Amino acid sequence: MQVDFLMSFIVAVLSFIVATVGSYYSRNSFLLDLKILEKDKKRPEKAKHYHDKYINVPPSFTPDPFLKQIDSDELNETVKLPFKFTDFLIKNYPDRYFYFVSLLKKSWSYFDVIEIEKELKIICTIQNIISKKIKYFSLYITFAMISTTLVLYNDIIINKIVVSSGLGTLVILCFFIILSIILTFHFLYKLSQMAEIEILINQLEIKAPE
């Protein structure tokens, strides 16, 4: 009876944690970030300042990298990108700038901006993104099933395991439940990251490495 009560309590706590994390993730998705950015009244001033100081300048002008990064962070606010991404998007996609900035929030480290014949190009550093999506999806499903099995059949598992300490078995079981839930969310995050990278590759017309 005591074990059943403890497991019910633990399941309730874990359910609350899962709901909280899911809510936080949804509220902080890139679409919400985009809406927040669009409401900022100071953005036009920041955009004009950055464009006049770093974009609309002669080729001979060499800006201070430190100051340029500060102005880039000011323009992008909650999305911290290297200023070379800011330059590329302003020059090539000014009408969809903040949309792409929001998509790059979780995935910019998988891209690089290089200069070819004095023209900025963006490339993706991931090889075979389809296989990575399949990999993360499989791992997500696997750990989600493990979490569900451990929670739903905890009483059977406890009864099947013969140990001297029932409390020790409960602690070990709780550890594996928490670990599997954490890994489930981790691979869900990686899967969503790969999905956003695929959107960027398609919409920015980037050729991913084979």
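Student: Which residues make the nonpolar surface patch of about 400 Å²?

Tutor: I172, F175, F176 and L179 make this patch, and I172 lies in helix α9 (residues 166–203). The model is predicted: local features need pLDDT of at least 70, and side-chain atom pairs count only at pLDDT 80 or more. Residues are numbered from 1 along each chain, and side-chain values use heavy atoms.

Student: What makes a group of nonpolar residues a patch?

Tutor: Each residue has over 30% relative accessible area and no salt bridge, and nonpolar side chains (Val, Leu, Ile, Met, Phe, Trp, Tyr) are joined within 5 Å. Areas come from the Shrake-Rupley method with a 1.4 Å probe.

Student: Why is α3 called roughly perpendicular to α5?

Tutor: Helix α3 (residues 43–55) and helix α5 (residues 83–92) pack at about 100°, with axes 12 Å apart. Angles of 65 to 115 degrees count as roughly perpendicular, so α3 is roughly perpendicular to α5. The contact (heavy atoms within 4.5 Å) involves Y50, H51 and I55 of α3 and F83, T86, D87, I90 and K91 of α5.

Student: Why does the pair of K53 and D71 count as a salt bridge?

Tutor: The closest N and O atoms of K53 and D71 are 3.9 Å apart. A salt bridge requires a side-chain nitrogen of Lys or Arg within 4 Å of a carboxyl oxygen of Asp or Glu, so the pair qualifies. K53 is in helix α3 and D71 in helix α4 (residues 65–76), 18 residues apart.

Note on methods:
Axes fitted to C-alpha atoms, helices over the stretch in contact; angles between N-to-C directions. Helix = DSSP H or I, 4+ residues; strand = E, 2+ residues; numbered from the N terminus. Parallel < 35°, antiparallel > 145°, perpendicular 65-115°, else oblique. Patch = residues over 30% accessible without salt bridge, like charges linked within 9 Å, V, L, I, M, F, W, Y side chains within 5 Å.
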